[in-house]
Amino acid sequence: MMKNEKLLIANRGEIVVRIIHACRDMGIASVALYADDDMGSLHVELADEAWGLAGATASETYLNIAAIIEIAKKSKATMVHPGYGFLSERAEFAQAVIDAGLKWVGPSPRAIEKLGDKIEARKIAASVGAPLVQGTQDPLNNADEALAFAKQFGLPIAIKAAFGGGGRGLKVAWKLEEVKELYESAVREAKAAFGRGECFVEQYLDQPRHVEAQVIADQYGNIVVLGTRDCSLQRRNQKLVEEAPAPFISDEIYQQILSSAKNICQAANYVGAGTVEYLLSRDGKLSFLEVNTRLQVEHPVTEETSKVDLVVEQIRVAQGHTLSIQETPKAQGHAIEFRINAEDPARGFIPAFGVLSLFEAPFGHGVRVDTGVRTGSLVSSHFDSLMAKLIVTGPTREVAIARAKRALKQFKIEGIASVLDFHRAVLNEPDFTDEFKVHTRWIENDFKQELKPTKRSIPNHQQPMLLSYIEIDGKLHRLGLPAGMFAQGPATEIQAQTAELEVNAEHLLAPINGVINAWKVECGEQVTEGQVVAIMEAMKMEVPVVAHRSGMLKIIIEQGLTCQTETSIAEIT
């Protein structure tokens, strides 16, 4: 092991905590970063050093390459790990790290560029004979080209950001009349999330499963596929439940996934951890989807079943070591991961933000919780809604499901909405537990259980504390003071007050904290119940606002303005 390494983690939340743990195991010092809202975060407290990125939004902080490189130099870091999301798949960030003389924990900028461009990735996949559905060879110029493709190859079609990922900039058109609007929405989302709006189109397999292969490669040409995962349980094309190994797939499909994943990575001269993703149709047709050139959120299920610490392996590869494993290991047992998001499943999984008045994680045999929050933590409206991950392992899938039921019953989150009730409900669905009829649109199409909306107010059962922070040489020191001590001051109140908003029947409420991107109707226009009347944007994702009743619409909050969840943005009378 190389001595005196110091690893800067260019991210936030639970993945930073996860990487800090790996650093501790390896005897490497860790450096964390924080935006204004993250000042009191768990990852900041656990790191050996924490440096402030002055600002509140992602673009000011975790996407600010110049600021991150400057802190890396100031802190005397020797390595940079990007985590996932943010800059993890940006070739220019990888290049900036290398140019600064630091070790980049990830694939080469060239590999990120080649595989991050989904059109180029399709070409690489085709060149090695990987399974593929019909798709456009180059980015589209306009919505008319998307319409022409749909007419030629049939519906549904997937409109995808060429430089996208994580479900952003991905729209599925099921009717010809919605192709134009969905194409334009995909372009807008892609520009907001990735800075580039190019989109391409491919055939969309109806009710497919989402399966993937975890790959790890060193600098000497050794590439190992560590196993498969199933990530079919999704909402808005973003994963909620993942498991390893992918259950109920034939040996033929398994071998096809392993060989094509390895061949794609070989053709791209891939180094580090990566994931090759596929769609698997109900009739057994496998099609390459994309390559994620980073660590995945769902990496723990592979760790639990392969017994390989993927983060340690990433760091070792960046240090120039050969892989510690040389061939695909036989999966040991079964693991299921439940993403614990701050979202209200009863309201269409709209993000929820605020302060956690209680966060009590489960424990016991076969239970692992990777978390970035605790009781008192702020879940910021500026960032992704992922708070933690529950990973449950058993010798069989049946045992893992039984342990998951036990763990989810133990899990307590209060103060803001979470997806816990949804996860509990899924474990009572034969489609998931027995027959595995789950597909990527199963939640929208087949999940019928009624869940109760979560109350947004936070109980004020104790005197709020004010937190004040002092940063000294990259180490943040926290001072807690009773709120009554000061009339005002540079501190953050961590216990939110209970507030009941008065809402009338005619009020149209904002489904999320976010910006009103567009009103689809004019003030004074007649609308019908279920009609999309506006588009809101939060965390670089567009969410439609639907009329809750028929009548005349009067706009209260104009386009371009930001509003809070459940505030009235219009009246329908």
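In the predicted model, Ala91, Ala94, Gln95 and Ile98 of helix α4 meet Pro109, Ile112 and Glu113 of helix α5 (contact means heavy atoms within 4.5 Å; helices are DSSP runs of H or I with at least four residues, numbered from the N terminus). Five of the residues in this contact are nonpolar, one is polar and one is charged. Here Ala, Val, Leu, Ile, Met, Phe, Trp, Tyr, Cys and Pro count as nonpolar, Asp, Glu, Lys and Arg as charged, and the others, Gly among them, as polar. Helix α4 covers residues 91-99 and helix α5 residues 109-116. Their axes lie 8 Å apart, at an angle of about 180°. Axes are lines fitted to C-alpha atoms over the stretch in contact, and angles run from 0 to 180 degrees between N-to-C directions. Helix α4 is therefore roughly antiparallel to α5 (angles over 145 degrees).

The protein chain holds 15 helices and 33 strands (strands are DSSP runs of E with at least two residues). Its C-alpha trace spans about 65 × 65 × 45 Å along the principal axes. Of the 573 residues, 57% are buried (under 20% relative accessible area, 1.4 Å probe, protein chains only). Among contacts between residues at least 6 apart in sequence, 66% join residues at least 24 apart.

Residues are numbered from 1 along each chain as its sequence is written. Local features need pLDDT of at least 70, side-chain atom pairs count only at pLDDT 80 or more, and totals for chains, interfaces and linings use all residues, while side-chain values use heavy atoms, with hydrogens and water left out.

Notes: Angles under 35 degrees count as roughly parallel, over 145 as roughly antiparallel, 65 to 115 as roughly perpendicular and the rest as oblique. Buried means under 20% relative accessible area, exposed over 50%, partly exposed in between (1.4 Å probe, protein chains only).
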